[in-house]
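Morning, everyone. I have one chain to go through today, so please look at the screen while I talk.

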Number of protein chains: 2
Amino acid sequence: MRTVRCVLIGVGNLGRRFCEILVIKRERLLERYGLDLRLVGAADSRGAAYRQEGLNLQELIRLKQAGRTVGDYPEWGRLGWRAIDLVRTVSADLVLDASPVNLGQGGEPGLSCIRSALERGMHVVTPNKGPIVLAWRELQDLANEQGVALRYDGTVAGGLPVLNIGQRDLRGALVSQIEAVPNLVTGYVMDMLAEGMPWEKALALAREEGVLEADAAWDLEGWDAAAKLVILANAILDLEKPAQLKDVSRAGIVGLEPDALQAALTRGERYRLLARATLLVDGGYALSVAPVSLSQDHPLGQLGRKQMGVVFSTDIYGVISAVIDEPNPIPSAATMLRDLLDIYV
Amino acid sequence: MRTVRCVLIGVGNLGRRFCEILVIKRERLLERYGLDLRLVGAADSRGAAYRQEGLNLQELIRLKQAGRTVGDYPEWGRLGWRAIDLVRTVSADLVLDASPVNLGQGGEPGLSCIRSALERGMHVVTPNKGPIVLAWRELQDLANEQGVALRYDGTVAGGLPVLNIGQRDLRGALVSQIEAVPNLVTGYVMDMLAEGMPWEKALALAREEGVLEADAAWDLEGWDAAAKLVILANAILDLEKPAQLKDVSRAGIVGLEPDALQAALTRGERYRLLARATLLVDGGYALSVAPVSLSQDHPLGQLGRKQMGVVFSTDIYGVISAVIDEPNPIPSAATMLRDLLDIYV
């Protein structure tokens with residue numbers, strides 16, 4: 001049996017659900033993999049808690065459900081203690097960063113926490129796009145130097161193992177194109193518009209369904225898809241230098257005419273905000289995000305409102321597509337377990 | 001740089017294409033992965049060749065294209081030398097078994113070659129279903145004891161990484177159902193019948209297209225799908241004891257009424273020979289192979305004639321489906337490269 005001491009940064013939508021998954025899976029992980037996962041530390045924006053013998057997950061979940069902070073954790077919580085303070089001082093094996101994306105704030109607090117964790121020789125698992133978009137090369141090099149793992153399968157297309165398939169199952173191939181519908185919200189909104197719903201109502205519904213993030217522009221202007229495309233490209237393609245957000249030719253869905261969406265629906269087609277990396281004659285890749293009307297024959301042309309997908313066109317592995325049906329954020333949270341098990345099993 | 005000395009058993013449809021892929025990818029493998037892959041030995045049913053410095057792949061391809069045997073390889077070939085003789089005597093790192101399935105002959109010559117290779121401490125990569133269906137537990141235990149890898153990603157659904165996704169990306173999940181269309185031929189034939197083509201002509205066309213194996217009954221009676229389902233179940237599911245062919249409730253496509261197929265097409269549905277593992281209340285799985293009419297909403301209901309696919313229904317990773325477009329056998333042959341790189345990279 002092996003004990004893995006984890007620290008969780010961010011106990012919101014994904015972080016709290018990850019705790020719930022750990023509760024449910026505890027026995028199975030012990031039996032099947034001989035892994036005793038202990039959450040020794042946790043931090044949110046208002047406080048942190050640390051206990052070397054492990055925090056009680058149920059207690060943590062209760063606190064967050066009651067709208068309180070990890071800092072309120074009985075006996076071991078400290079109000080005002082920051083995530084970075086925790087990462088810099090704990091003795092742990094692995095840091096899970098489930099903090100908010102915050103690209104506008106330089107990917108903080110996630111980026112500093114990840115950097116510090118890697119420097120201190122801890123593995124890092126994160127579904128947080130921010131640090132991976134902004135500093136992938138630096139962080140990956142740091143992880144390699146330190147001989148630890150940096151895993152971020154949850155950054156793209158929720159629970160769909162897009163990065164795993166691309167990095168591991170396409171080894172040796174030349175990838176001529178990646179096409180991805182890497183988030184739910186834009187497809188959801190466009191489907192509503194196509195059915196005649198006004199913009200305001202479509203957005204309200206998307207928010208209600210929990211698929212629209214707090215910062216709507218991030219999704220609707222295509223930034224989220226562009227960020228995911230940058231992560232995909234860097235992780236999977238042979239690029240001369242790392243891709244950045246500014247390399248993506250980006251068009252969002254803001255201002256799309258409902259008429260065009262309705263006409264597509266009449267033709268049996270469906271609009272999706274498609275993120276694409278296309279091989280150029282010079283060996284580089286063109287990166288773009290744009291709304292595209294997809295026919296039913298396209299591998300992503302049948303995506304439902306709670307589905308995301310990817311298509312890899314390759315020289316030796318044919319055309320491989322993968323789709324996930326993700327009715328709730330559990331699969332996205334579970335990617336942290338997938339990454340963690342991939343490191344230890 | 002690392003030299004990997006390989007031995008190839010079977011230089012037919014898949015084996016020869018694998019050699020062609022190695023020729024094309026040689027430089028990339030050196031540059032990207034620092035791997036110098038050398039084919040030091042090869043065997044077909046009539047002879048073998050062995051050269052410690054490596055055989056010339058182009059020469060080998062030429063011999064086979066001319067209908068000759070590896071035993072005719074200039075200077076280093078030996079007529080009548082058997083695959084097993086080669087495996088028992090060579091000094092190599094990895095054995096690739098691309099010999100014919102031969103379930104009727106106890107999975108030979110593949111099974112003995114794989115067993116011997118593992119006993120001698122060599123990794124094994126094989127797209128050959130026979131040995132994996134018949135002796136998976138024994139071979140996997142042997143590989144574990146010897147500390148070497150046994151990889152067989154190419155045994156199911158051609159170049160689609162079904163086993164990789166199931167074994168690695170679903171870790172920690174409870175899989176409530178696997179549905180797979182793991183071969184091309186049955187779907188191909190049923191599509192032809194649905195369009196009004198008579199049985200004889202549909203079979204002739206499938207043979208011409210290279211999707212129908214020499215032993216037609218193997219495919220049409222559902223044995224091929226059942227064998228693949230057994231491999232999938234053992235590799236991915238938590239079973240009390242290994243699944244065997246006799247555990248699969250099997251119905252093939254022989255005797256299917258073209259009328260039923262045509263009626264389905266009229267409804268916008270499509271018949272596919274579906275291999276299914278379904279979780280039972282007692283924790284076991286029901287294994288079945290049967291022709292099923294799939295609606296367009298089913299993740300496999302849009303499969304074209306050169307497409308295969310799989311759907312995993314899970315508790316924490318949602319429903320994940322994957323499809324491959326495989327217009328020729330290159331992806332199936334390339335699985336050997338995928339498995340090999342997964343061992344060494």
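This is a predicted model: local features need pLDDT of at least 70, side-chain atom pairs count only at pLDDT 80 or more; totals for chains, interfaces and linings use all residues.

Start with the open sheet. Seven strands of chain A make it up, in the order β4-β3-β2-β1-β5-β6-β7, and the pairing is mixed. Which strands stand at the edges? They are β4 (77-79) and β7 (150-151) of chain A; each has a single partner strand, so one side of each has no neighbour in the sheet.

Next, the helix residue. Gln140(A) sits in helix α5 of chain A, which covers residues 129-146. Is Gln140(A) buried or exposed? Its relative accessible area is 16%, and the cut-off for buried is under 20%, so Gln140(A) counts as buried. Apart from neighbours within four places in sequence, Gln140(A) is in contact with Leu150(A) and Tyr152(A).

Now the antiparallel strands. β8 of chain A, residues 175-181, pairs with β10 of chain A, residues 270-279, in the antiparallel sense, over four bridges. Here Ala180(A) has Ala275(A) in β10(A) as its bridge partner. On to β11 of chain A, residues 285-294: how many bridges join β10(A) to β11(A)? There are 10, and these two strands also run antiparallel. One pair to pick out is Thr278(A), whose bridge partner in β11(A) is Ala286(A). The hairpin of β10(A) and β11(A) has five residues between the strands, and in this hairpin Gly283(A) takes a positive phi near 95 degrees.

Last, the loop residue. Ser295(A) is in the loop between β11 and β12 (307-314) of chain A. Its relative accessibility is 30%, so Ser295(A) counts as partly exposed. What does Ser295(A) touch, leaving out residues up to four places away in sequence? The answer is Glu269(A) and Gly301(A). There is also a spacing to note: Ser295(A) and Ala264(A) are 31 residues apart in sequence, with a C-alpha to C-alpha separation of 8.8 Å.

That is what I have on this chain.

Conventions. Residues are numbered from 1 along each chain as its sequence is written. Chains are lettered from A and ligands numbered from 1 in the order in which they are written. Side-chain values use heavy atoms; hydrogens and water are left out. Buried means under 20% relative accessible area, exposed over 50%, partly exposed in between (1.4 Å probe, protein chains only). Contact means heavy atoms within 4.5 Å. Two strands pair if DSSP finds at least two bridges between them.
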